[in-house]
Amino acid sequence: MFDTGSTAFMLICTMLIFLMTPGLAFFYGGLARRKNVANTMLMTFVVIGVVGVLWILAGWSFAYGGDGSISFFGGFDQLLCLPVVQQVLEQAVNPPVDATYPAIVNIAFQMAFTMITSAIITGSVAGRMKFRAIVLFLGIWVLVVYAPLAHMVWGGEGSLIGEQIGALDFAGGDVVHISSGLTGLVLCIALGGRRGFGVMSYRPHNVPFVALGAGLLWFGWFGFNAGSQFAADGVAALALLNTVTASASGLVSWLIVERLATGKPTLVGASTGLVAGLVAITPSAGFVEPWTALIIGAAVPPVCYFAISHLKARFGYDDALDAFGCHGIGGIVGGILTGLFCVPELSWTSFGGLLYTGDPTLLVAQVLGIVVTVAIVLVLDLAIVFAVKALCGGSLRVEESEEALGLDISEHGESAYPAFTGLD
């Protein structure tokens, strides 16, 4: 029989992760301008529909199908998830002896991961991308980038990054944060800056929305990290504790950095620091001790703050809601720190962190895994950008007059605030 405790645990974790995508909609919606808030939130909500359909049709198969003979792709053998459904029917008659929980739970669990990852991307393009272009881009991206990358990291036997390179990624440093953050960077560069970028200041229009979104993300993240142990055991509890620890440390660290840089701590800063700490601990949540989770959470805010406040201006890319600055940069920092702090007994490989073993093998593998992830995502993203641009009349961007009016009205004919005129 199945372990009912672990089955219930995985179902709850899955539902918590599904909560993260609507939570991100509030987080991004609060950061957006008033005339673009409905569009910003809809770009996140539409991911639920796009991924929910494509994951069942082919995404699950591309990520976790196959027999392990292809290092960078699952296969076509689990299209429509038919083999897993058939397995459920067979297990209803002949319950397995060695399975912890029904395999069909994994389809929903990994679908929730795919949703939040795809939704993160939309933060970089807020305020100027055609709605049909982002929907088309995300639909292709899920099947061409995310699913194969998930196979390369978590595909088990023969997987390129997870087995052949030997990089560790407990809950999504490479698969979730680096891939989405880098994709956001590629798209925002392809689009160009928002109207007035570099001249005017863009301020969050609803700070309570930002805090609400951060709170929902924080809550859902416990399922995200603890559930990645795939069992209700001590390592899952460790991952949950490390998640709390790193996010708390990240929040405090961001407020300190903000106080030193601007003289005033802010609620938006606290919310961003909370998320940055969560991003950084994701690759190592089940691999490190709580005291190192404190260090990881505290280390990432200064780096992300620098990327957000200085790199954007220095290089002139308009990462509107800082998907790259928070998730891309935070994922890279977290992945590297995994190579330093991984406890050998908790490692999925035969190598532990440099701090414990004095052996740099895991650290080198972590860096190489990140480099390979960046290279693959970058090349495939550029190809998708060119394809989507051709399919959308040669441009990913709305007309200047539509951007000035606001995308809520120009793209959707609705406003989050009906009395609002659009002149903010």
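How many nonpolar, polar and charged residues are in the lining of the second largest cavity? By class, that lining has six nonpolar, two polar and no charged residues. The model described here is predicted.

**Cavities**

- Searching the whole structure turns up two cavities of 30 Å³ or more.
- The second largest cavity has a volume of about 40 Å³.
- Its lining consists of Met20, Leu24, Ile116, Ile120, His177, Leu217, Trp221 and His327.
- Helices α1, α4 and α8 (207–226) are the elements that give two or more residues to this second lining.
- The largest cavity holds about 40 Å³ of space.
- Around the largest cavity lie Ala167, Leu168, Asp169, Gly173, Asp174, Pro283, Gly335, Gln366 and Ile370.
- Two or more residues of that lining come from each of α7 and α14.
- Four nonpolar, three polar and two charged residues make up the lining of the largest cavity.

**Largest pocket**

- The volume of the largest pocket is about 1,200 Å³.
- It is lined by 43 residues, and those closest to its centre are Tyr202, Ile308, Lys312, Ala320 and Asp322.
- At least two lining residues come from each of α1 (4–31), α9 (234–262), α10 (267–281), α11 (290–315), α12 (323–341) and α15 (400–405).
- Helix α11 gives the most, with five residues.
- The lining of the largest pocket divides into 22 nonpolar, eleven polar and ten charged residues.

**Second largest pocket**

- The second largest pocket has a volume of about 480 Å³.
- Its lining has 24 residues, and Tyr64, Trp154, Gly155, Gly156 and Phe230 lie nearest the centre.
- Helices α2 (37–64), α3 (82–93), α4 (104–121), α5 and α6 (160–165) each supply at least two residues of this lining.
- Helix α4 has the largest share, four residues.
- By class, the lining of the second largest pocket has 13 nonpolar, ten polar and one charged residues.

**Helix α5 against helix α14**

- Helix α5 spans residues 131–154, and helix α14 spans residues 361–391.
- Their axes come within 10 Å and cross at roughly 155°.
- Angles over 145 degrees count as roughly antiparallel, and α5 and α14 are therefore roughly antiparallel to each other.
- The crossing of α5 and α14 is right-handed.
- On the α5 side, the contact is made by Ala133, Leu136, Phe137, Ile140, Trp141, Val144, Val145, Leu149 and Met152.
- On the α14 side, Thr373, Ile376, Val377, Leu380, Asp381, Ile384, Val385, Val388 and Leu391 take part.
- This contact of α5 with α14 has 16 nonpolar, one polar and one charged residues.

**Helix α7 against helix α12**

- Helix α7 covers residues 173–191 and packs on α12 at an angle of about 145°.
- The axes of α7 and α12 are 8 Å apart.
- The crossing of α7 and α12 is left-handed.
- From α7, the contact uses Gly173, His177, Ile178, Ser180, Gly181, Leu182 and Leu185.
- These meet Ala323, Phe324, His327, Gly328, Gly331 and Ile332 in α12.
- By class, the contact of α7 with α12 has six nonpolar, seven polar and no charged residues.

**Residues in two places**

- His177 of α7 and His327 of α12 belong to this helix contact, and His177 and His327 also line the second largest cavity.
- Gly173 of α7 is in the contact with α12, and Gly173 also lines the largest cavity.

Conventions
Residues are numbered from 1 along each chain as its sequence is written. This is a predicted model: local features need pLDDT of at least 70, side-chain atom pairs count only at pLDDT 80 or more; totals for chains, interfaces and linings use all residues. Side-chain values use heavy atoms; hydrogens and water are left out. Axes are lines fitted to C-alpha atoms, for helices over the stretch in contact, and angles run from 0 to 180 degrees between N-to-C directions. Angles under 35 degrees count as roughly parallel, over 145 as roughly antiparallel, 65 to 115 as roughly perpendicular and the rest as oblique. A crossing is left-handed if the near helix is turned anticlockwise from the far one by less than a right angle, and right-handed if clockwise. Contact means heavy atoms within 4.5 Å. Ala, Val, Leu, Ile, Met, Phe, Trp, Tyr, Cys and Pro count as nonpolar, Asp, Glu, Lys and Arg as charged, and the others, Gly among them, as polar. On a 1 Å grid over the protein atoms alone, a cavity is a set of points where a 1.4 Å probe fits but cannot get out, and a pocket is an open set with protein on both sides within 12 Å along at least five of seven lines; lining residues have an atom within 4 Å of a point. Grid points are joined across faces, edges and corners, and a volume is the space filled by probe spheres set on the points.
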